[in-house]
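Hello,

Here is the structure I said I would pass on. My notes follow below it.

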Amino acid sequence: MSKVLVTGGTGYIGSHTIIDLINNGFEVVSIDNLTNSNDDVLEGIEKITGVKVTNYRIDLVDLASLLQVFRDHPDIEGIIHFAAYKLVGESVEKPLAYFRNNLLGLINLLTCMETFEVANLIFSSSCSVYGNAEELPVTENTPFQEAESPYARTKQMGEQIIRDFAKVHPDHQAVLLRYFNPAGAHESAIIGEAPSNPASNLVPVITETAIGKRKSMTVFGADYDTRDGSCIRDYIHVMDLANAHTKSLQFLLQKKNATNCEIFNLGIGEGVSVLEAIKAFEKVSGEKLNYEIGPRRPGDVVAIYADKERSERELGWKPERDIDAIMESAWAWERARSGK
């Protein structure tokens, strides 16, 4: 049984990925400082899988503490790296905090990989690296445009750091996963998106509004050059996304990679506007959503969605859930965690 270190393991995507890893026979160790999550999710993981996962509550920028984790687990074969600050708007206001956390944490992790000869890395990148792409859908070869936020720039820079590391470490290999907009929850409704800080992603904002935690929600901009004026995104179910990380690790462990730094887009390949997502929620839930149109939000890209052909062909990965399934699972999770 291969042992995997998951950074950001109690976070939204990390916790769902741990479930998929366990279901595919991996042993998992987690690192999460609980900045934007709660370790209660570990109980949910145990309820779903029957496995108790150890989480180290440390910060990746603390190299000494990180080195100790690797000393405690010399048999780690792969790392899936999620841990990062991720709020676009906050990154515009606090760029240095994002550069310090996201980049130094990555550098420390690569230092540990080098020191302890851990060969395999899956990096959580983002479609935000493409900026306002000139052509849609974006492929893995689509040129980067100017980053629209410091958060996006940390992902661009993080990818470059890993590529430079790979060039001089031929025995190390990495997969950079550029995924689009994760949403939804585990089908059990035992775990889902539950940030410690106020939710900013569209789907939890929708469900929190519908259940009454928010009086209303704002659609940021309805004057974009899109079919209904609102931003367009590619929403991918979190369990489909989780499985892509497992398949990427298997891809490396089975030596199927052609180079030691591979890149894959992860999305369903369809663009859904903010207003269309609201309509999808209203359809599956039967709830009428109270929303208003507001001004554009700094850092938002106008439209982005993925060409997923390469990830389907090389990873053998295919998303199974559409926007309706995303909304159904997100609404079930919201009701479960709200006791309604």
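Before the helix pair, a word on terms: axes here are lines fitted to C-alpha atoms, for helices over the stretch in contact, and angles run from 0 to 180 degrees between N-to-C directions. Please keep in mind that this is a predicted model.

The pair is helix α7 (residues 202–211) and helix α9 (residues 274–285), which pack with their axes 11 Å apart and at an angle of about 45°. Angles under 35 degrees count as roughly parallel and 65 to 115 as roughly perpendicular, so α7 and α9 are oblique to each other. The crossing of α7 past α9 is right-handed. On the α7 side, the contact is made by Leu202, Ile206, Thr207 and Ala210; α9 brings Val274, Ala277, Ile278 and Phe281. Of the residues in this contact, seven are nonpolar, one is polar and none is charged.

The other helix I looked at is α3, residues 63–72. Which of its residues are buried? They are Leu66, Leu67, Val69 and Phe70. These residues cover an arc of only 150° around the axis, so they lie on the same side of α3. The cover over the buried residues of α3 includes strands β1 (3–7), β2 (27–31), β3 (54–56) and β4 (76–81), along with helix α5 (95–116).

Ala64 also lies in α3. Is Ala64 buried or exposed? Exposed means over 50% relative accessible area; Ala64 has 54%, so it is exposed. Its C-alpha atom is separated by 28 Å from that of Ile22, and Ala64 and Ile22 are 42 residues apart along the chain.

Regards

How values were computed. Residues are numbered from 1 along each chain as its sequence is written. This is a predicted model: local features need pLDDT of at least 70, side-chain atom pairs count only at pLDDT 80 or more; totals for chains, interfaces and linings use all residues. Side-chain values use heavy atoms; hydrogens and water are left out. Buried means under 20% relative accessible area, exposed over 50%, partly exposed in between (1.4 Å probe, protein chains only). Helices (H or I, at least four residues) and strands (E, at least two) are DSSP runs, numbered from the N terminus. The arc is that of the directions from the helix axis to the C-beta atoms. Contact means heavy atoms within 4.5 Å. Angles under 35 degrees count as roughly parallel, over 145 as roughly antiparallel, 65 to 115 as roughly perpendicular and the rest as oblique. A crossing is left-handed if the near helix is turned anticlockwise from the far one by less than a right angle, and right-handed if clockwise. Ala, Val, Leu, Ile, Met, Phe, Trp, Tyr, Cys and Pro count as nonpolar, Asp, Glu, Lys and Arg as charged, and the others, Gly among them, as polar.
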